[in-house]
Amino acid sequence: QVQLVESGGGLAQAGGSLSLSCAASGSIRTITGMGWYRQAPGKQREFVATITGGGSTNYADSVKGRFTISRDNALSTVYLQMNSLKPEDTAVYYCNGAGLTDSFRPFVSWGQGTQVTVSS
């Protein structure tokens, strides 16, 4: 079983910054992709950013140039630095991780979500 635990988030003013982190634990052999998704009230969950084990990144157009995803493979942790925040960034942010367990079974796990609120 693989668990993802997020931390960070909270309240920021428009133009401000917040950072999120997500640590994976459990019977993990390798984590290939890690990423962040978000869900605003009344909307579907949407992609924010992903990063591979080799460090290749991909961002949603809405956050390009403002958000930075990074990861520490040794700590099985992924980070999201959010700058120049906008009220439309308000959402619950979810961490996602995929890889192989110690028994070579593929897994896809989600964190519990952390609230990010940006005031205008």
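Me: Which residue of E11 does Ala-91 stand opposite?

Reply: The model is a predicted one, in which local features need pLDDT of at least 70 and side-chain atom pairs count only at pLDDT 80 or more, while totals for chains, interfaces and linings use all residues. Residues are numbered from 1 along each chain as its sequence is written, and side-chain values use heavy atoms, with hydrogens and water left out. Strands E9 and E11 pair in the antiparallel sense over three bridges, where strands are DSSP runs of at least two residues, numbered from the N terminus, and pairing requires that DSSP finds at least two bridges between them. In E11, the residue opposite Ala-91 is Val-116.

Me: In which sense, parallel or antiparallel, do E2 and E11 pair?

Reply: Strand E2 covers residues 10-13, and Ala-12 stands opposite Val-118 in E11. Over four bridges, the sense in which E2 and E11 pair is parallel.

Me: What is the relative accessible area of Met-82?

Reply: Met-82 lies in strand E8, and, not counting residues up to four places away in sequence, Met-82 touches residues including Leu-18, Leu-20, Phe-67, Tyr-93 and Val-116, a contact being heavy atoms within 4.5 Å. Met-82 is buried, and its relative accessible area is 0%.

Me: Why is the disulfide of Cys-22 and Cys-95 left-handed?

Reply: A search of the whole structure finds one disulfide, defined as a pair of cysteine sulfur atoms within 2.5 Å, and this one joins Cys-22 to Cys-95 with an S to S distance of 2.1 Å. Cys-22 lies in strand E3 (residues 18-26) and Cys-95 in strand E9, so the pair ties together parts that are 73 residues apart in sequence. Both Cys-22 and Cys-95 are buried. The disulfide is left-handed because the torsion about the S-S bond is about -80°.

Me: How many residues apart in sequence are the parts that Arg-38 and Asp-89 tie together?

Reply: Arg-38 forms a salt bridge with Asp-89, the closest N and O atoms being 3.0 Å apart, where a salt bridge is a side-chain nitrogen of Lys or Arg within 4 Å of a carboxyl oxygen of Asp or Glu. Arg-38 lies in strand E4 (residues 28-39) and Asp-89 in the loop between strand E8 (77-82) and strand E9 (91-101), so the parts tied together are separated in sequence by 51 residues.

Me: Which residues are linked with Arg-38 in a network of salt bridges?

Reply: Arg-66 also forms a salt bridge with Asp-89, with closest N and O atoms 2.7 Å apart. Arg-66 counts as buried at 10% relative accessibility, and Asp-89 counts as buried at 0%. The residues linked with Arg-38 in the network are Glu-46, Arg-66 and Asp-89.

Me: Is Asp-61 buried or exposed?

Reply: Asp-61 meets Lys-64 in a salt bridge, at 3.2 Å from N to O. With a relative accessibility of 64%, Asp-61 counts as exposed.

Key
Buried means under 20% relative accessible area, exposed over 50%, partly exposed in between (1.4 Å probe, protein chains only).
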